[in-house]
Amino acid sequence: MLAFIKEKQTLWDYLKTAGKPVVLYGTGDGADKVIDRLAEENIAVAGIFASDEFVRGQRFRGFAVRKFSELLRAREPLIVLIAFASEREDVMDRFYELARIHETYAPHVPVFADDEAVTPAWLDTYEAELQQVYEGLADETSRNVFADILNYRISGKLSYLWHCVTDRGADIRELFPFGSGELYVDLGAYDGDTVQEFLDLSQRRYKKIYAVEPDSKNFKKLTTFVEENKIENICCLQAGVWNSAGELELTGNGGRQSTFWKAGQKSRLQRHKKVKTQIAGVVSVDRLLGDEHADYMKFDVEGVEKEALEGAKGHLTADGKGILPKLLVAAYHHDKDIFVLPLFLWKLQPKYRLYLRKHPYVPDWEINIFAK
C-alpha cells in the first residue's frame, strides 16, 4: 500500500451515500463528462448552474440553467460539483467562495474518455511504478505534488488542488538557468504565448526558436504573433509532433486542446456534439533538429507527450560538452502520465533529475515535469 495515499473512497462512491442533492456548476464538455459519469453510477443530478453573465434562459441536458448567484443564496444543504476548467484568478475566487458556502468538489474525469482513471484498484495495479517515481523525484515539493494529484483524483477534494501550488514563471526561473545563446524548441506553440514566455526568460538574447503547432487556426494566430512582434530567428512549422514523420487525424477547433485521435476516442467525443477534424502532418524532434543542439524544449502536445519524447531520443543525450537539454513536459493529459512519462524519461536519459510542479488550475491541469 502506498503510504502517501490518504483517500480510500472515490468521490463517486461518497456521493452515493452523502444524502444531499448533487448540483453542477458549469456547462459544456466538462459538464457532459460529469453527467455521463454520474449516470453510470446511478447518481441523480438535481440542477445545473452557470456564471450569471452566461445565463440567458438556456437549457443544458434537459435542465434549465440557473444563475451562480442563486446557488450562493441557496440554504438547502447541497453538494456542488465544479464541471468546467479554469485558471483565471477571478473564476478561482468564485470556486473559493462557493466552497465556503457549500460542500464543493471538482470531479476528476479523464481528458480522454476511454483512459483508465485513478481508483484504489488502479493504485494497486501500478503500485510499484508509482512508488518508484515518488522516491525518484528530485525534491520534497515534487513528492508532495505527486501525492496531492493522486489523492485529488480519487476524492475530488479542492484542498489537494490548492496545496503546493506554485507559479510557473517562478518555477522555470528557479529550476532552469538560461544563457544568452540558447536554441528553444516549442512543441505545441499554440498562439505564441510560450514563445513570449521564452523571450522574457532569455531577455530576447537567444540563438534560434522552433515553434511547432499543428492546428491551422492556432498556427495562424502564432504566425500573426511572430509578425506583429517582429521576432527574429524563429522557424514556425505547422505540424504535430510524433515519433516519426507522417500524417494523423487531428481534432481542430482552434483552441488549446486540439489533439490526435486515438482508438476509441471519436465515438465518445461525438456523443453530444460534432467534433471537427483535420489531417495534420507530424514530425519527430530528431528529424526537425538534425545536427542542431537544443538547449530547452517544451512538450505540451495534448496527450502525445510520450510519442513526442520517443521521437526526440537522439537529442536527449549529453552532447560533447556534457550538456542536457532542459525539458518542460506536460504530465496531465492521461492519468498514467504521472508515472509513465518520468519512467520513460529516465529510460531515455538516466542522468535527468525530475521535478514535478502543479500550477493554478481547477481541475488538475497544468502539471509539469521539469527535467535537468
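**Ground rules.** I number residues from 1 along each chain as its sequence is written, and my side-chain values use heavy atoms, with hydrogens and water left out. Since the model is predicted, local features need pLDDT of at least 70 and side-chain atom pairs count only at pLDDT 80 or more, while totals for chains, interfaces and linings use all residues.

**Entry 1, aromatic pairs.** I looked up how many aromatic pairs the structure holds, and got 22. For the term, rings of Phe, Tyr and Trp (its six-membered ring) pair if their centres lie within 6.5 Å; planes under 30 degrees apart are stacked, over 60 edge-to-face, and the rest tilted.

I started with F4 and Y134, a stacked pair at 4.1 Å centre to centre with 20 degrees between the planes. F4 sits in the segment before α1 (11-17) and Y134 in helix α6 (residues 127-136), so this pair ties together parts 130 residues apart in sequence. I took helices (H or I, at least four residues) and strands (E, at least two) as DSSP runs, numbered from the N terminus. F4 is buried at 8% relative accessible area, and Y134 is buried too, at 18%. Buried here means under 20% relative accessible area, exposed over 50%, and partly exposed in between (1.4 Å probe, protein chains only).

Next came Y25 and F95: the ring centres are 6.2 Å apart and the planes at 85 degrees, so I noted an edge-to-face pair. Y25 belongs to strand β1 (residues 22-25) and F95 to helix α4 (residues 89-101), 70 residues apart, which links distant parts of the chain. Y25 comes out buried at 0% relative accessible area, and F95 is buried at 0% as well.

I also noted one aromatic cluster formed by F176, F178, Y184, F198, Y206, Y296 and F370.

Which ring does the charged end of K326 sit over? It is the ring of F178, 4.8 Å from the centre. The criterion is NZ of Lys or CZ of Arg within 6 Å of the ring centre and within 35 degrees of the ring normal. K306 does likewise over the ring of F344, 4.5 Å from its centre.

K326 is found in strand β14 (residues 326-330) and counts as buried at 8% relative accessibility. A polar atom of its side chain lies 3.2 Å from the backbone oxygen of P177. Leaving aside neighbours within four places in sequence, I found K326 in contact (heavy atoms within 4.5 Å) with F176, P177, F178, E182, D295, Y296, M297 and A371.

I checked the length of α2 (residues 29-40): its 12 residues should span 16 Å, and the end C-alpha atoms are 17 Å apart, which agrees. The expected span is 1.5 Å times one less than the number of residues. Its buried residues are A31, D32, V34, I35, D36 and L38. What covers them includes α1, β1, β2 (47-50), β3 (59-60) and β5 (79-82). Just after α2, N42 takes a positive phi of about 60 degrees.

I traced an open sheet of six strands in the order β3-β4-β2-β1-β5-β6, with mixed pairing; strands pair if DSSP finds at least two bridges between them. β3 and β6 (103-105) stand at the edges with a single partner strand each, so one side of each has no neighbour in the sheet. β3 and strand β4 (residues 63-67) run antiparallel, joined by two bridges. F60 stands opposite F63 in β4.

Methods. A polar contact is a pair of N or O atoms within 3.5 Å; within protein, one must be able to donate a hydrogen and the other to accept it, and residues adjacent in sequence count only if both atoms are side-chain atoms.
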